[in-house]
Amino acid sequence: VVDAPIINLAGRQRMLSQQLLAHAEAVHDGRDEARAKIRDLVGTFDRVLHVLEHGGEDLGHTLPAAPADLQPEFGEVKHSWQGLKPALLAVAERPPLDAEAKRAYRLVRDDMHLLTQASNRLVGAFQQRALALHNNISLALVLATGANCILLLVGIKTTRDYVIERQRSERALLESKERLQ
C-alpha cells in the first residue's frame with residue numbers, strides 16, 4: 001500500500017516548516033552555521049513538494065502523482081511556500097543586520113505557521129483519502145463475500161433439488177418396474 005509513505009512524506013513537510021523556522025531564528029540570533037541548513041531544507045522542501053504533487057522517488061519508495069482532488073490543498077501549500085521561500089533564502093544569504101534580512105526574518109517568523117497549517121491540511125487530505133479508499137475496498141470485499149455466500153447457497157439448493165428430483169425419478173421408475181412385473 002502506497003498511502004503510508006505518502007502520508008509520511010506529507011507529514012515530513014510539516015516538520016520541515018518548523019525546522020526552517022528554527023534555523024531562521026538561529027541565524028537571526030547570530031548563529032551563522034544555520035544558514036547552510038536553511039538552504040538545504042529549502043531544497044528538501046522543494047523536492048518533497050514536487051514528489052508529492054507529481055510523483056517520483058523518495059524515502060525508498062516510488063510514489064504516484066497526487067490525485068486531482070488534492071489540488072486545492074497543494075495550491076494552499078504552494079502559495080504559502082512561494083511567499084516564504086525567497087524570505088528564507090534572504091535570511092540564509094544576507095547579513096543579519098541588513099534591512100532586507102530583517103524584513104525576511106519577520107515574514108518567516110510571522111507567516112511560517114501558515115505553511116505549517118497548510119501542510120497539516122494536506123496531510124489530513126491524504127489521510128482522509130486513504131481512509132475513504134480503505135472503506136471502499138472494505139465495502140467491496142464485504143459485497144463480494146456476500147455475493148459468494150449467495151452463490152454458494154444457490155449452488156447447495158440447486159444440488160439438493162437435483163438430488164431430490166433424481167431420487168423421486170428413480171423411485172418412480174422402480175415402482176413402474178414393479179408394477180410391470
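View 1. Buried means under 20% relative accessible area, exposed over 50%, and partly exposed in between, with a 1.4 Å probe and protein chains only. Helices (H or I, at least four residues) and strands (E, at least two) are DSSP runs, numbered from the N terminus. In soluble globular proteins, nonpolar side chains tend to be buried together.

The model is predicted, with local features requiring pLDDT of at least 70 and side-chain atom pairs counted only at pLDDT 80 or more, while totals for chains, interfaces and linings use all residues. Residues are numbered from 1 along each chain as its sequence is written, and side-chain values use heavy atoms, with hydrogens and water left out.

**View 2. Leucine 88 and its contacts.** Not counting residues up to four places away in sequence, leucine 88 touches Leu20, Ala24, Ile38, Val42, Trp81, Val108 and Met112, where contact means heavy atoms within 4.5 Å.

**View 3. An edge-to-face pair of phenylalanine rings.** The whole structure holds two aromatic pairs, a pair being rings of Phe, Tyr and Trp (its six-membered ring) with centres within 6.5 Å, and planes under 30 degrees apart count as stacked, over 60 as edge-to-face and the rest as tilted. The rings of phenylalanine 74 and phenylalanine 126 have centres 6.1 Å apart and planes at 90°, so this pair is edge-to-face. Because phenylalanine 74 lies in helix H3 and phenylalanine 126 in helix H4, the pair ties together parts that are 52 residues apart in sequence. Phenylalanine 74 is buried, with a relative accessible area of 0%, and phenylalanine 126 also counts as buried, at 6% relative accessibility.

**View 4. The largest cavity and its lining.** One cavity of 30 Å³ or more is counted, and the volume of the largest cavity is about 50 Å³. On a 1 Å grid over the protein atoms alone, a cavity is a set of points where a 1.4 Å probe fits but cannot get out, and lining residues have an atom within 4 Å of a point; the volume is the space filled by probe spheres set on the points, which are joined across faces, edges and corners. The lining consists of Val27, His28, Arg35, Val91, Arg94, Pro96, Ala101, Lys102 and Tyr105. H1 and H4 are the elements that give two or more residues to this lining, and H4 gives the most, with three residues.

**View 5. Aspartate 58 in strand E1.** Aspartate 58, located in strand E1 (residues 56-58), counts as buried at 8% relative accessibility. Leaving aside neighbours within four places in sequence, aspartate 58 is in contact with Leu9, Arg12, Arg47, Val48 and Val51.

Definitions and conventions:
On a 1 Å grid over the protein atoms alone, a cavity is a set of points where a 1.4 Å probe fits but cannot get out, and a pocket is an open set with protein on both sides within 12 Å along at least five of seven lines; lining residues have an atom within 4 Å of a point.
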